[in-house]
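The sequence and the model are shown first.

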Amino acid sequence: MMNKILLTSTAFAALIAGPATAADLARPIHRRPAVVVAAPVWTGWYVGGNVGYGWGNARTDIAGAATTIANQPFFGGIPANFALAGSNRAGLHGVVGGGQAGYNFQLATRWLWGFEADIQGSGARGSSTSVNSFSGPICATMGGVPPVCSSFFPLSGTAATAYEGKIDWFGTVRGRLGYLVNDRVLLYATGGLAYGRVELSGATNVNGVTIDPIGPISTPFTSPGTSVFSASRTNVGFAVGGGIEGRLAYWLPPNWTWKLEYLYLDLGSVDTVNPFPAANPNTSAVLRATPFTGTMTTHTLFTDNIVRAGLNYQFH
C-alpha cells in the first residue's frame with residue numbers, strides 16, 4: 001500500500017512540474033550583448049598641416065676698428081687707432097605655416113615614440129638700431145726722428161647701425177616621445193635638427209667731431225661715412241619643444257588628430273665684414289687727417305619661438 005501511495009505521488013508531481021519545465025526550456029533567454037570598445041591605435045604613418053605664430057630675436061654683435069693718419073706739414077704722419085663694440089636685438093615676429101609627416105610606434109598601453117619632419121614658411125622679421133661710440137686723440141704736433149707727438153686733438157664719434165633680420169623659411173627633423181593620458185590624448189616632448197634660411201641687411205653711418213685745443217673749436221667731420229652690408233644663409237641648428245595631440249572623435253573620423261605644439265628654434269648665425277665707413281675727421285686749417293680705414297663686422301644669431309596648431313591624418 002505504501003509503495004502504491006509513493007508511486008502515485010511521484011507521478012502526480014511529475015505531471016505538475018512537466019509542463020512548467022517544458023515551458024521554461026521553450027522560452028528564449030535574452031542576454032545583453034557585451035560592448036567591446038577598441039582602443040585607438042596610434043602606430044602608423046601620418047601627414048598633416050599647421051599654422052601658427054613666431055616671435056624671436058636677431059641678436060647682433062657689432063665691432064669696428066679704424067685708423068686715421070694726421071698729416072702735418074714737414075713732420076709726416078702718425079696713425080691714430082679707434083675701436084668700437086656693442087650688441088643689440090631686433091625682435092622678430094610673424095605668421096608661420098606649413099606641413100608635417102611622421103611615424104608613431106605605440107610601445108605599450110601608454111607610451112609612444114616616433115619621428116616627424118616638417119617644412120614651414122615664415123614671415124618672422126624685425127629691425128633695430130644700435131648706436132656705438134668711439135673716442136681718442138689725434139696727434140697735433142710732432143717732432144724728432146722718429147716723429148713724437150707733443151700735443152693732441154681729441155676726437156669723438158658715433159657709429160649708428162640700422163639693420164633688419166628675417167627668417168624666410170625653416171624645417172625640422174625631430175624625434176618624439178609621448179605618454180597617452182588616455183586612449184585619445186597624447187602628451188609628448190620633441191627635439192632634433194632644425195634648418196632654415198635667414199637674412200640680415202643694414203647700414204652703418206659714422207659721424208663725429210674733433211676739438212682744436214686752440215680756442216677750443218669743435219669741428220664736425222667734413223664727410224660722414226656710410227657702409228651698407230647684407231648677408232643670407234641656409235643654416236643648420238636645433239629645435240626642442242613639446243605639445244599635446246588628441247583625436248577628433250566627435251567631429252571627424254578616428255584617423256584624424258589635432259595638435260597644439262611649442263618649439264624653440266636656434267637657426268645659427270650670419271656674419272658680415274665690410275670696410276669701415278670712410279668718414280673724414282678733418283681738424284683744422286693746419287692739421288689734416290686722412291679718412292678712416294678699417295673694418296666693421298656684425299655677428300647675428302637667429303632664434304625663434306613657435307606656437308602652432310595642426311591637423312594630422314593617420315594611415316592604418
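The sections below describe a predicted model, beginning with the strands and ending with the nonpolar cores.

## Strand pairing around β5

Strand β5, residues 148–182, pairs with two strands considered here. With strand β3, residues 111–122, the pairing is antiparallel and extends over 11 bridges. Within this pairing, Q120 has F170 of β5 as its bridge partner.

Strand β6, residues 185–212, also runs antiparallel to β5, and 26 bridges join the two. The two strands form a hairpin, with 2 residues between β5 and β6.

The structure contains 12 salt bridges. One of them pairs E116 with R174, with the closest N and O atoms 2.6 Å apart. Because E116 belongs to strand β3 and R174 to strand β5, this pair ties together parts that are 58 residues apart in sequence. Both E116 and R174 are buried.

E116 has a further partner in K259, where the closest N and O atoms are 3.1 Å apart. K259 lies in strand β9, residues 256–275, and E116 in strand β3, so this contact ties together parts that are 143 residues apart in sequence. K259 has a relative accessible area of 2% and is therefore buried, the cut-off for burial being under 20%. E116 is buried as well, at a relative accessible area of 0%.

## A further pair and a network

R176 forms a salt bridge with E245, and the closest N and O atoms are 3.1 Å apart. This pair links distant parts of the chain, since R176 is in strand β5 and E245 in strand β8, residues 225–247, 69 residues apart. R176 and E245 are both buried.

Salt bridges with shared partners also join E116, D118, R174, K259, E261 and R308 into one network.

## The surroundings of E199

E199 is located in strand β6. Its relative accessibility is 25%, so E199 counts as partly exposed. Apart from neighbours within four places in sequence, E199 is in contact with E164, G165, K166, D168, A231, S232 and F302.

The C-alpha atoms of E199 and S269 are 9.6 Å apart in space, while the two residues are 70 residues apart in sequence.

## Nonpolar cores

Which residues touch the most other members of the largest nonpolar core? Of its 20 residues, these are I167, F170, L267 and F302. Strands β2 (76–106), β5, β6, β8, β9 and β11 (293–314) each supply at least two residues of this core. The most come from β9, which gives 4 residues.

L267 illustrates the packing. Leaving aside neighbours within four places in sequence, L267 is in contact with I167, F170 and F302, and also with A194, Y195, G196, V198 and N235. A second, separate core has 19 residues, among them A70, F134, A159 and V206.

E116 forms salt bridges with R174 and with K259.

Key
Residues are numbered from 1 along each chain as its sequence is written. This is a predicted model: local features need pLDDT of at least 70, side-chain atom pairs count only at pLDDT 80 or more; totals for chains, interfaces and linings use all residues. Side-chain values use heavy atoms; hydrogens and water are left out. Two strands pair if DSSP finds at least two bridges between them. A salt bridge is a side-chain nitrogen of Lys or Arg within 4 Å of a carboxyl oxygen of Asp or Glu. Buried means under 20% relative accessible area, exposed over 50%, partly exposed in between (1.4 Å probe, protein chains only). Contact means heavy atoms within 4.5 Å. A nonpolar core is a set of buried Ala, Val, Leu, Ile, Met, Phe, Trp, Tyr and Cys residues joined through side-chain atoms within 4.5 Å.
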